[in-house]
Amino acid sequence: HQVLRIKTRNEEEIKKLHLLDSLEHLELDFWINPSTPALPVDVRIPTNGVQAVKAFLESHGIEYSILIEDLQVVLDKETQDMACSQQRDRSSSTFNYGTYHTLDSIYAELDHLVSEYSNIVSKLQIGESYEKRPLYVLKFSTGGSNRPAIWLDAGIHAREWVTHASAIWIAKKIASDYGKDPSITSLLNKMDIFLLTVSNPDGYVFTHTTNRMWRKTRSKNPGSLCIGVDPNRNWDAGFGGPGASSNPCSESYHGPSANSEVEVKSVVDFIKNHGKIRAFLTLHSYSQLLMYPYGYKCTEPADHAELDAVGRAAASSIKSLYGTTFTVGSICTTIYQASGGSIDWSYDYGIKYSFAFELRDTGRYGFLLPANQIIPTAEETWLGLKKIMEHVRDNPY
Amino acid sequence: DIDDVGRKYHLELVLEDVLDKDGTVNCTAEVLYHLGNKNIAPDVHFTTEGELKNTDEADNVFYNRIKSLEKELVAENIPDSHGNVPPEMEPIRLLAWAAAGYVIWQNSTENTKFQLAQIKHVKQVKRSDEYLEFDYTILLHEMVSQEIIPWQMTVLWHPQHGVQVTQDSPQPKHPSE
């Protein structure tokens with residue numbers, strides 16, 4: 001089969017192509033239909049009709065060129081390429097960080113990172129989701145016992161896909177930069193990093209199978225047809241206060257009680273049991289914001305000045321790469337009052353360096369950020385996170 | 001604050017052409033949110049200084065392409081889950097964005113912040129006059145409540161006469177959504 005590109009010059013020629021189209025025995029398959037002379041017409045022609053069509057075009061003086069000489073050759077190569085990359089996908093070095101993945105694919109990559117960087121990366125399960133999916137945390141450590149550590153999570157809100165995608169890129173970055181980048185090397189020589197790439201796996205799966213805009217967990221609410229709790233209104237920080245809803249059908253439903261969501265409780269328990277978490281960092285999208293507490297009240301935290309300075313330094317680092325601007329401030333003054341949020345809980349628990357990021361963009365694509373922006377987003381976000389982590393490393397408490 | 005009337009904001013902003021990053025236009029605006037009745041759209045008055053890139057040629061290519069389609073255009077999920085927009089759908093998306101701007105304006109208060117999240121469905125409606133008509137179902141993301149609100153809007157467009165939303169209404173959401 002051949003594919004021709006036909007350049008028509010006027011409506012007359014378009015009409016002639018419509019005529020060709022009407023000859024059913026030719027079995028023409030127009031990839032771009034004849035519509036206006038401004039656009040080319042692409043058509044696939046089964047082998048038997050190729051000569052006849054070319055003769056027709058030439059006799060009417062209609063210009064054409066051969067787009068694909070032999071379609072079968074192209075198809076065979078594609079099949080080969082796909083089989084090849086499917087094989088390669090099973091080895092870690094070719095996980096495509098520049099595309100969105102399913103939960104299973106992300107979980108498989110976690111295992112690949114552990115096996116590829118086994119000297120510094122290990123995987124822990126900190127609990128199970130409502131629908132019994134494992135909650136996996138990657139631990140980056142060069143040894144010691146119970147060193148002070150940094151917590152980083154992503155994907156607490158299911159529809160914020162760029163956060164899961166950035167988190168897995170960041171995992172790879174930390175693992176591969178150890179021993180090469182002086183900053184990360186010195187950090188990991190003193191502290192551990194815990195990274196929860198998918199905080200809300202049930203929600204994430206739901207965004208792939210059913211509703212791309214799902215935000216909450218997938219827990220059942222007794223007495224209601226509506227499902228799910230907003231996991232970032234479910235923490236024990238001003239729980240049930242302004243900025244969270246008591247209606248199970250709402251996207252910001254706080255749930256029946258603080259920590260009612262197993263996805264939240266598992267993290268709380270882990271942090272409390274660890275006892276030496278020095279920073280709590282969480283990724284959201286979208287809006288390009290870098291925020292510190294509080295959200296549940298509009299008064300400044302005691303460490304306001306320091307947190308603001310660190311935030312500004314991080315935003316500056318982010319901007320240095322691609323010019324992306326992040327607005328820095330407390331949750332309450334930057335977006336809105338919102339109770340039951342994770343960094344308010346971590347801060348009041350005693351983890352001074354508590355920050356929440358809202359990644360790209362500012363609304364043009366919103367949650368549906370094109371995949372070609374994943375890596376640039378991850379790269380710039382990493383610079384911001386690194387700035388904060390360096391400050392944590394250099395200011396032990 | 002204006003007693004018994006509402007709250008007025010004076011804004012100075014810079015508009016950037018999404019399709020031409022170097023194209024910027026200065027703008028000053030006054031927005032008045034009415035006291036009490038939240039069903040009235042805020043009053044908006046604005047002036048702009050500068051000119052944006054002329055899009056006549058692209059407008060006409062799009063107009064002619066759609067006008068001469070044999071079957072009415074139908075599409076869904078723009079962008080798709082991965083943020084992709086097929087190139088031939090880009091004008092459809094831009095048109096929705098402009099029309100959604102009107103719907104958002106009509107439904108805004110000091111406590112809302114709307115964005116167009118996605119076009120769920122769009123269907124061209126053939127007309128005998130010179131206008132193009134599209135029936136859109138869009139998803140609006142309201143950032144304060146974090147709600148996703150499906151909204152139907154009927155949009156008319158013509159290269160010389162611009163965009164018009166002739167009908168629009170929020171759509172009910174199923175509890176499972």
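Colleagues, a word on conventions. Residues are numbered from 1 along each chain as its sequence is written, and chains are lettered from A and ligands numbered from 1 in the order in which they are written. Because the model is predicted, local features need pLDDT of at least 70 and side-chain atom pairs count only at pLDDT 80 or more, while totals for chains, interfaces and linings use all residues; side-chain values use heavy atoms, with hydrogens and water left out.

I begin with chain A. An automatic or database domain assignment supplies the domain bounds: domain 1 covers 2-69, and domain 2 covers 97-216 + 231-394. Between the C-alpha centres of domain 1 and domain 2 of chain A there are 54 Å.

Let me turn to Glu358(A). The unreviewed UniProt entry places the feature "active site" at Glu358(A); UniProt positions are given here in the numbering used for this model, feature names are shortened, and annotations may be inferred rather than shown by experiment. Glu358(A) belongs to strand β12 (residues 353-359) of chain A. Strands (E, at least two residues) and helices (H or I, at least four) are DSSP runs, numbered from the N terminus. Is Glu358(A) buried or exposed? Its relative accessibility is 13%, so Glu358(A) counts as buried. The classes are buried under 20% relative accessible area, exposed over 50%, and partly exposed in between, with a 1.4 Å probe and protein chains only.

Which residues does Glu358(A) touch? Leaving aside residues up to four places away in sequence, its contacts include His284(A), Ser285(A), Tyr286(A), Met291(A) and Phe326(A), a contact being heavy atoms within 4.5 Å.

Next, the salt bridges. Here a side-chain nitrogen of Lys or Arg must lie within 4 Å of a carboxyl oxygen of Asp or Glu. Over all chains, the structure holds 24 of them. One of them pairs Glu116(A) with Lys172(A), whose closest N and O atoms are 3.7 Å apart. This pair links distant parts of the chain, 56 residues apart: Glu116(A) sits in helix α4 (residues 103-116) and Lys172(A) in helix α5 (residues 161-177), both of chain A. Glu116(A) is partly exposed, at a relative accessible area of 38%.

A further salt bridge joins Arg312(A) and Asp308(A), at 2.6 Å from N to O. Because these residues are four apart in helix α9 (residues 304-322) of chain A, about one helical turn separates Arg312(A) from Asp308(A). With a relative accessible area of 45%, Arg312(A) is partly exposed, whereas Asp308(A), at 14%, is buried. Elsewhere, salt bridges with shared partners join Glu131(A), Arg133(A) and Asp202(A) into one network. Within it, the side chains of Arg133(A) and Glu131(A) meet at 2.7 Å, N to O. Arg133(A) is partly exposed at 23%, as is Glu131(A) at 38%.

Chain B has two helices and eight strands, and from the N terminus its elements run β-β-β-α-β-α-β-β-β-β. The C-alpha trace of chain B spans about 55 × 50 × 35 Å along its principal axes. Of its 177 residues, 37% count as buried. Among contacts in chain B with a separation of 6 or more, 48% come from residues 24 or more positions apart. Finally, chain B exposes about 10,200 Å², of which carbon and sulfur atoms supply 49%; these areas come from the Shrake-Rupley method with a 1.4 Å probe, and for residues only the protein chains shown count as cover.
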